[in-house]
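Hi,

Here is the structure we talked about, so please open it and keep it beside you while you read.

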Amino acid sequence: MTTSADNYWQETEAALAEFPVDVRLHRDDFYSQSDWDVYQMRYTSADGFRLFAWLSVPKSGGPFPAIVRMPDYGSVQDIVYTPLRERAVVMNPTFRGQRRSDQVIQAQFPGLLTEGIETAESYVMRRVFADLLRGIDALSVQGQAQLREIALIGSGLGGALALAGAARRRSVIAVAANTPLALGNPVSFDPGLGYPLAELDDYLRLYPTRRETVVQNTGDLDLLNVADKITAPVLLSVGINDTSTCPLAFGEQLAAKIPDCDLRVYHGAAEGGGHEHAQIQLSWLADKLGIG
Amino acid sequence: MATQQDLESFITEVTCPDDFDDFWSVTLDQLSRISLKPVITADPMRSNDDVHVFNVTYLSLGGLEISAWYCLPAHGSGPFPIIVNFPGYKSEPPVRRDWGKKGVAVLSVAVRGKLKSSGEFNPGYPGLLTAGLESKETYGYRGVIADCVRGVDFIRSRPEIDPERIYACGSSQGGGLTLITSALRPEIKAGVAGYPFLCCYPEAMTMFRSYPYDELACYARAYPGEKEGMLDTLRYYDAVNFAPRIKCPMVVGIALDDEVCPPETSYAAYSALTGHKELWLFPNSGHGNAHEYPGQERAWLEGQIGLKAAVA
């Protein structure tokens, strides 16, 4: 890991440590069902930001394995849906600026990827990663569900957050990441990319003199900095035509640095494995969590 | 995975209310009495050598301000053909710069409740599908649909757009809104509805336990006495009832392993189309993830617009 990236992660952990997690759970009668209870979960992240998550807990039995579905790049995080929710606790956390976590800032899409990018302190994406670490922490200390192992899943930004989370939290025993966002990697500045990575090129076209600053402030978030710290097995999917989230070269570099990585390369439209990989991922997760 | 036989044998219980046309006629009449008041603001950060990007606002039903991304080709003076892109349920309306090089404009509508149009109506996600379900007059989708119709009105107000070449597309909720808006606005010349949502609510809400349709199942469970009224309201918002009123060529794309928008329900909307129609079936694909779909959509629209011959 580069010294700068190492400092960033240390500062992030220190910023989280300044505030107690302070988890509050509220059962959602409307969305709870016969087989599981749904909770609205709130907890505190860095800078004192209160964050929201959906939490689904099977009605009977336990302890259960947990699946954390990291949020995509967008304003809405899904309410829990997975065929595994009858056998696993499922948490869908949000980051600052997403709906229900937008009391202080309201994220824009496109726009979030360059929000506050002028300085390291103001760059919101550096705190987005902190927010999802705090989500894992909150899950670990909530008192409602007895937990076993934790797996992380996600696509795009969510894929990047899942991999970073596994690198920083040893309680994670498996990661299924699809097309993880190449934020911070030099490939993210290539011209001609689609959104969301294209936001960086948009910004630099308008502010060409800020290139060095942008490279510096995003660089600490390059997953290549932490890939070798991931001890959990990783199922990673990429698409050969992806020009907006995880260009193939980045995905292959990432897979090479992760100690235990099952890389699946798909020749689909752009986004990776689509339906075929979704089925593979479901079986893989069930196997890793012992609920197959 | 559903088979074509499953699709063809499916019969929905949805019927069309006798006053369906009257209801929408009144709604469109109310809409027409509201001044459009368009505001167009250049977005230099999103603009590039090929496309000028603007943020647009206009007024819609209830006087709500609706936002949209408006992408115009940077080269040529027009009038340009245009595609109006309707958004999915939870996804952000995309900035569609990809058509600019081909000389095609795109309007990407952020219907009420979306991030850029949530100032006065913000039921959240989940939440939109059940907002105001108490009656057909109060249902939130009345405004959502009006916002899409109003997008076409905005397009028709623009001198740089060719009013004879307006096309529509969208997936999931955007697919449903493509069908519905095309029925209400004959100015749309052709459309592509991918994995359409908003079809056959009584069946769709029970076939899987996935959102957004499951919001309706939750509503029915929470308010059992109101289920009948809910289903009656939804008849006025079912794409199956709009489909016979569509006069332009329409494609419906269906993934046979779709567990969000059941393929049978989307097929029912396709079956109800009475004009020129095409069916794209994607076996071994789920909701929104058929690899072939984006390329087919692009090629078909290019053919309709006249950029080149459509692929078979």
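**Where the two chains meet**

Chain A and chain B bury about 3,200 Å² between them, and carbon and sulfur atoms give 51% of that area. Buried area here is the accessible area (1.4 Å probe) that two parts lose on being put together, summed over both. Of the area that chain A buries against chain B, A:F30, A:R99 and A:H275 supply 22%, more than any other three residues. Counting contacts, meaning heavy atoms within 4.5 Å, 42 residues come from chain A and 37 residues from chain B.

Before you go on, some ground rules: this is a predicted model, where local features need pLDDT of at least 70, side-chain atom pairs count only at pLDDT 80 or more, and totals for chains, interfaces and linings use all residues. Residues are numbered from 1 along each chain as its sequence is written, chains are lettered from A and ligands numbered from 1 in the order in which they are written, and side-chain values use heavy atoms, with hydrogens and water left out.

Points are joined across faces, edges and corners, and a volume is the space filled by probe spheres set on them.

How many cavities of 30 Å³ or more does the structure hold? The count is one, and the largest cavity has about 50 Å³ of space. Its lining is A:W54, A:V76, A:Q77, A:T94, A:R99, A:R100 and B:Y125.

The second largest pocket has a volume of about 180 Å³. In chain A, α1 (3–17) and α2 each give at least two residues to its lining, with the largest share, four residues, coming from α1(A). Helices (H or I, at least four residues) and strands (E, at least two) are DSSP runs, numbered from the N terminus.

Most residues other than glycine have a negative phi, and most peptide bonds are trans. Now look at these:

- A:R100 is not a glycine, yet has a positive phi of about 75°; this residue sits in the loop between β5 and α2 of chain A.
- A:T179, also not a glycine, has a positive phi of about 35° and lies in the loop between β7 (172–178) and α4 (198–206) of chain A.
- A:F109 and A:P110 are joined by a cis peptide bond, with omega about 0°.
- B:Y211 and B:P212 are joined by a cis peptide bond too, with omega about 5°; B:P212 is in the loop between α5 (201–207) and α6 (213–222) of chain B.

Is A:T179 buried or exposed? A:T179 is buried, at a relative accessible area of 7%, whereas A:R100 is partly exposed at 29%. Buried means under 20% relative accessible area, exposed over 50%, and partly exposed in between (1.4 Å probe, protein chains only).

**One helix to look at**

In α7 of chain B (residues 227–235), B:M230, B:T233 and B:L234 are buried. Seen down the axis of α7(B), the buried residues fall within an arc of 100°, so they line one face of the helix. The arc is that of the directions from the helix axis to the C-beta atoms. These buried residues pack against α5 and α6 of chain B.

Cheers

Conventions:
1 Å grid on protein atoms, 1.4 Å probe; cavity = no way out; pocket = protein on both sides within 12 Å on 5 of 7 lines; lining within 4 Å.
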